[in-house]
Amino acid sequence: RVVVAGSANMDLVGLAPALPRPGETVLGDDFVMTPGGKGSNQAIAAALAGGETVFLGAIGSDSFGVTLNARLASAGVGVDLVRTSYGSSGVAVIMVDRAGENSILVSPGANRTFVGLTGEETSAIGAADVLLCQQEIPMATVHAALRAGRAAGTRTILNAAPARVLPSGLLDEVDLLVVNETEARAITGGDDPDVAALLALVPRVVLTLSGNGSRYADRDGADVHVPAFRVEVADTTAAGDAFTGALAVAWGEGRDLIDAVRWANAAGAACVRRVGASNALPTRSDIEALYAG
Ligand code: ADP
């Protein structure tokens with residue numbers, strides 16, 4: 001079983017001929033609204049990948065909250081412990097021009113109210129095989145969740161995205177760190193992702209390398225490049241979420257990590273073949289079809 005403690009946002013995406021400048025109003029093209037947020041996306045990814053999945057997070061008392069909850073539930077994610085807080089849900093206002101350039105405003109809304117853990121939330125983390133966190137909720141809550149996981153013997157995964165300053169001691173509670181190259185540099189400093197420096201902080205690291213697949217390294221001396229699956233790329237949005245959700249499921253099923261990373265690569269590749277975010281996340285059979293080759 002996988003527990004994801006993280007964010008849920010409604011993504012409001014407006015397409016426009018050009019991005020409006022300060023004070024300017026631009027007549028746009030199409031508009032789409034999709035459930036998003038790294039926590040919600042990764043919970044949906046894990047459930048679709050075949051893991052029994054519970055989401056811990058906070059949604060608002062607005063209509064977006066109803067939609068966010070319904071999207072999670074329809075993917076098979078357990079939402080019984082999701083908090084509803086009075087006020088707005090998390091919202092990402094995204095403007096995209098015809099060249100694909102974007103401007104994004106994230107308003108955390110209810111995600112900011114996910115503070116501290118209830119007894120039920122702590123029990124759910126303790127009953128899981130794997131806990132998966134990201135960095136779109138208050139960092140003190142991320143830290144508390146990881147600590148609860150570690151204390152209960154649940155394997156803890158931190159996807160350190162988006163890059164943020166980490167409270168001291170937080171990485172001590174992490175069994176497996178998942179980062180892309182930018183996030184890796186944010187943790188270690190320096191120009192190149194430094195896996196040795198990351199292994200001084202956490203016992204196991206997965207570095208995602210977009211179209212080049214990923215790299216797995218651990219303190220037992222493993223350092224392996226796991227190549228990507230070759231697919232036709234339609235849209236790379238949510239590839240990292242598909243990858244991380246699937247990785248949590250595979251590790252929870254007891255696969256060895258190099259094989260779990262290969263399986264997660266198949267999930268990332270299956271995601272980039274489709275346009276969209278949470279609606280492009282692959283099912284277990286999509287993943288298996290690519291993985292089997
Ligand atoms: P993020 O979006 O978080 O930066 P990446 O871009 O590294 O994450 O993608 C996550 C994973 O998705 C990669 O490790 C890889 O397995 C898969 N992936 C991403 N882009 C491609 C691609 N163009 N072709 C095949 N697989 C891809």
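The UniProt annotation "binding site", from an unreviewed entry, covers Asn180, Gly240, Asp241 and Asn265; UniProt positions are given in the numbering used here, feature names are shortened, and annotations may be inferred rather than shown by experiment. These residues span 86 residues in sequence, yet no two of their C-alpha atoms are more than 13.1 Å apart, so they gather at one spot.

The model is predicted: local features need pLDDT of at least 70, side-chain atom pairs count only at pLDDT 80 or more, and totals for chains, interfaces and linings use all residues. Residues are numbered from 1 along each chain as its sequence is written.

Helices (H or I, at least four residues) and strands (E, at least two) are DSSP runs, numbered from the N terminus. A residue is buried if 20 or more other C-beta atoms lie within 10 Å of its own, exposed if 12 or fewer, and partly exposed in between, with C-beta atoms placed from the backbone.

Contact requires C-beta atoms, placed from the backbone, within 7 Å. Not counting residues up to four places away in sequence, Asp241 touches Lys38, Asn41, Gln42, Ala45 and Leu281. With that same exclusion of residues up to four places away in sequence, Asn265 touches Gly213, Ser214, Val226, Ala228 and Phe229.

Elsewhere, none of the six residues of strand 8 (residues 102-107) is buried, so this strand lies largely in the open.

Conventions: Two residues are in contact if their C-beta atoms, placed from the backbone, lie within 7 Å.
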